[in-house]
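This briefing goes through a few local features of one chain. The sequence and the structure come first, and the notes follow by topic.

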Amino acid sequence: MSDDTPTQRLPQSEDPSEERRKSRTLMFVLIGVGAVLLIAIIVLLIILFGGDKGAPSADPTPSGSSTATTTTSPSPTPSASPTPSETAAPQPPAQTGPKINSFASDPTTVACPAPDAPSGGGATYISFTWSTQNVDKVEFGVIDGDGNYQVYFANLPPSGNSATGAFGPGNEDFAFPCGSDEATFVLKATGSGQTKTAQLVVDDVTND
């Protein structure tokens, strides 16, 4: 006896290799979608935070409005009181008149021969040196027995020595006036309208 019941076909299981292929395809799709999303996020972040947005410009000052400027005036610096300077002692005016620095004879004393000497007496000679400054004229003279000044040599150099010709040729030595106990010789210096004199006394020791 035959069985009339229709035979049912059992469902067949899918091929494993096909499932793996579908899984790989899905994975690639998900990876691609994730990469696209990641790139979009990066671009968005760059737009939001990246780039030079530029410094904000200051609001322009409205025309016609004045801006009040506060100026601080510097405080006046107190000036130091001047220290009184020491008053210098008055200096004596510079000497412009004549000055005699030195006046000397050689020798300083003489010994005239006795008037009754066999030679009949004679003269004793002496020479003179001098030094002056600020002078216009220098002269040499003698005070005679009457107390009068007699000029012997004028227009002498400011400094000189009669022994080397300061009195002029032939006057290297000056004769002492024997017969007198002493003789007074005078040096006179003139300059700037002023006159200075120096006297030199030469003694004859034989009459002491």
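Lysine 188 lies in strand β8, in a model that is predicted.

**Lysine 188**

- With a relative accessible area of 23%, lysine 188 counts as partly exposed, because the buried class is limited to values under 20%.
- Leaving aside residues up to four places away in sequence, lysine 188 touches Lys137, Val138, Glu139, Tyr149, Thr195, Lys196 and Thr197.
- The C-alpha atom of lysine 188 is separated by 9.4 Å from that of alanine 154, and the two residues are 34 residues apart along the chain.

**Strand β4 and its partners**

- Strand β8 covers residues 182-191 and pairs with β4 in the antiparallel sense over 7 bridges.
- Within this pairing, threonine 184 of β8 is the bridge partner of isoleucine 143.
- β4 is also joined to strand β5 (residues 149-153) by 4 bridges, and these two strands run antiparallel.
- Phenylalanine 140 has phenylalanine 153 in β5 as its bridge partner.
- A hairpin is formed by β4 and β5, with 5 residues between them. In its turn, glycine 147 has a positive phi of about 85°.

**Nonpolar core**

- In soluble globular proteins, nonpolar side chains tend to be buried together.
- The largest nonpolar core here has 23 residues. Phe103, Phe128, Trp130, Phe140 and Phe185 have the most contacts inside it.
- At least two residues of this core come from each of β3 (124-133), β4, β7 (174-176), β8 and β9 (194-204).
- The strand that gives the most to this core is β8, with 4 residues.

**Surface patch on the helix side**

- Ile41, Leu44, Leu45, Leu48 and Phe49 make a nonpolar surface patch of about 530 Å².
- One of these residues, leucine 45, is found in helix α1, which covers residues 16-49.
- Leucine 45 is partly exposed, with a relative accessible area of 43%. This value qualifies it for the patch, because patch residues need over 30%.

Conventions
Residues numbered from 1 in each chain as written. Predicted model: local features only at pLDDT ≥ 70, side-chain atom pairs only at ≥ 80, totals over all residues. Heavy atoms only, no water. Patch = residues over 30% accessible without salt bridge, like charges linked within 9 Å, V, L, I, M, F, W, Y side chains within 5 Å. Areas by Shrake-Rupley, 256 points an atom, 1.4 Å probe, with all protein chains shown as cover. Salt bridge = Lys/Arg side-chain N within 4 Å of Asp/Glu carboxyl O. Buried < 20%, exposed > 50% of the residue type's maximum accessible area, 1.4 Å probe, protein only. Pairing = 2+ DSSP bridges. Core = buried A, V, L, I, M, F, W, Y, C linked by side-chain atoms within 4.5 Å. Contact = heavy atoms within 4.5 Å.
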